[in-house]
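Trainee: I would like to learn how to read a model of this kind feature by feature. Please give the general idea each time, and then the case at hand.

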Amino acid sequence: MSLLKVENLHSYYGKAEILRNVNIVVEEGEAVAVLGPNGAGKTTLLKSICGLVETRGKIWFDGKDISRLKPHERIKLGIAISPEGRRLFSDMTVEDNLLIAANSDKLEFVYDLFPNLRQKKGQLAKNLSGGEQQMVAIARALMLEPKLLLLDEPSMGLAPIIVETIAEAIEKARKELNLSILLVEQNTQMAFDVADRAYIIANGEVVKEGEIESIEEIERDYFR
Ligand SMILES: Nc1ncnc2c1ncn2[C@@H]1O[C@H](COP(=O)(O)OP(=O)(O)OP(=O)(O)O)[C@@H](O)[C@H]1O
Ligand SMILES: [Mg+2]
């Protein structure tokens with residue numbers, strides 16, 4: 001049984017159909033990337049999984065049909081997201097951002113994962129670097145101890161060295177929490193660092209899927 005199975009998914013904003021017949025699977029313990037250009041529908045896919053978009057089709061999680069569940073019910077089952085643009089509370093401290101939806105049990109775990117954040121736990125989120133803000137967004141999702149972590153363009157706007165640091169932390173969290181990951185990216189480096197398998201979407205449809213190594217070759221045709 002797959003941890004996540006997105007089956008014949010169609011997603012809509014009003015009458016506009018954004019995703020068409022999308023099929024995506026994440027096995028337990030697997031890290032899967034979804035790659036695609038601006039406007040392909042990557043964020044819409046993650047929002048659909050979280051219950052934030054109108055959909056047709058089925059979304060299975062842990063053997064359960066979650067397609068009609070409310071967002072908070074999906075979170076409770078073990079789905080957490082680090083959203084596009086990080087969405088931190090900019091006038092709150094790092095630590096208060098981390099505690100927003102969780103209790104303090106996991107604080108030490110995320111501080112061990114991102115030692116920078118331990119040093120800056122009293123600092124306001126708006127005064128952090130872009131890389132640190134991204135770390136807070138991921139750490140905040142991990143505080144919920146999810147089974148499935150959804151990451152929306154975690155490498156956006158970050159220098160390659162920071163992307164690598166974050167990729168390593170994700171890898172570590174994956175091992176220690178037995179996490180499964182669905183990672184959306186436009187920049188492929190993070191995907192190649194983290195994912196086992198990838199899908200490419202364009203214009204709201206899956207156009208390719210395969211092992212990450214095979215995607216690395218295909219990717220040149222789509223992104224160069
Ligand atoms: N709230 C909304 N209302 C109407 N249309 C929307 C809304 N959000 C996104 N769209 C449209 O849906 C399509 C897919 O957008 P989406 O944000 O999912 O793309 P994306 O692949 O995440 O792009 P990017 O790489 O730029 O983040 C786009 O054409 C976009 O204009
Ligand atoms: Mg997006």
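Trainee: How many bridges join E3 to E8?

Mentor: First the conventions: this is a predicted model, in which local features need pLDDT of at least 70, side-chain atom pairs count only at pLDDT 80 or more, and totals for chains, interfaces and linings use all residues. Residues are numbered from 1 along each chain as its sequence is written, and chains are lettered from A and ligands numbered from 1 in the order in which they are written. Helices (H or I, at least four residues) and strands (E, at least two) are DSSP runs numbered from the N terminus, and two strands pair if DSSP finds at least two bridges between them. Here E3 and E8 run parallel and are joined by 5 bridges. Ala 31 has Ile 181 of E8 as its bridge partner.

Trainee: What is the order of the strands in the open sheet?

Mentor: The order is E6-E7-E8-E3-E9-E10, 6 strands with mixed pairing. Strand E6 (79-82) and strand E10 (205-211) each have a single partner strand, so one side of each is left without a neighbour in the sheet. Neighbouring strands are turned by 20 degrees against each other on average, direction ignored; the axes are lines fitted to C-alpha atoms, and angles run from 0 to 180 degrees between N-to-C directions.

Trainee: In which sense do E7 and E8 pair, and in which sense do E9 and E10 pair?

Mentor: Strand E7 (residues 148-152) pairs with strand E8 (residues 180-185) in the parallel sense over 5 bridges, and Leu 148 has Ser 180 as its bridge partner in E8. Strand E9 (residues 197-202) and E10 pair in the antiparallel sense over 6 bridges; Ile 200 has Lys 208 in E10 as its bridge partner. E9 and E10 form a hairpin with 2 residues between them. E9 also runs parallel to E3, to which it is joined by 4 bridges, with Ala 33 opposite Ala 198.

Trainee: Are the residues of E3 buried or exposed?

Mentor: A residue is buried if 20 or more other C-beta atoms lie within 10 Å of its own, exposed if 12 or fewer, and partly exposed in between, with C-beta atoms placed from the backbone. In strand E3 (residues 31-35), 5 of its 5 residues are buried. In a regular strand the side chains alternate between the two faces of the sheet. In E3, Ala 31, Ala 33 and Leu 35 point one way, and Val 32 and Val 34 the other way.

Trainee: Which residues have the most contacts inside the largest nonpolar core?

Mentor: In soluble globular proteins, nonpolar side chains tend to be buried together. A nonpolar core is a set of buried Ala, Val, Leu, Ile, Met, Phe, Trp, Tyr and Cys residues joined through C-beta atoms within 7 Å. The largest one has 66 residues, and those with the most contacts inside it are Val 136, Ala 139, Leu 150, Ile 181, Leu 183 and Ala 198. Helix H6 (residues 130-142) gives the largest share of this core, 7 residues. Leaving aside neighbours within four places in sequence, Ala 198 is in contact (C-beta atoms within 7 Å) with residues including Val 32, Ala 33, Leu 35 and Ile 212.

Trainee: Which residues come nearest to ligand 1?

Mentor: A residue is near a molecule if its C-beta atom, placed from the backbone, lies within 6 Å of it. There are 13 residues around ligand 1, and Tyr 13, Asn 38, Lys 42, Thr 43 and Thr 44 come nearest. H1 supplies the largest share of the shell, 3 residues. In helix H1, 7 of its 9 residues are buried, among them Lys 42 and Thr 44.

Trainee: Where is a positive phi found in a residue other than glycine?

Mentor: Most residues other than glycine have a negative phi. Asp 62 has a positive phi near 55 degrees; Asp 62 is in the loop between strand E4 (54-61) and strand E5 (64-65). Asp 62 counts as partly exposed because 16 C-beta neighbours lie inside 10 Å. Glu 153, with a positive phi near 45 degrees, lies in the loop between E7 and helix H7 (160-177). Glu 153 counts as buried because 22 C-beta neighbours lie inside 10 Å.

Methods:
Contact = placed C-beta atoms within 7 Å.
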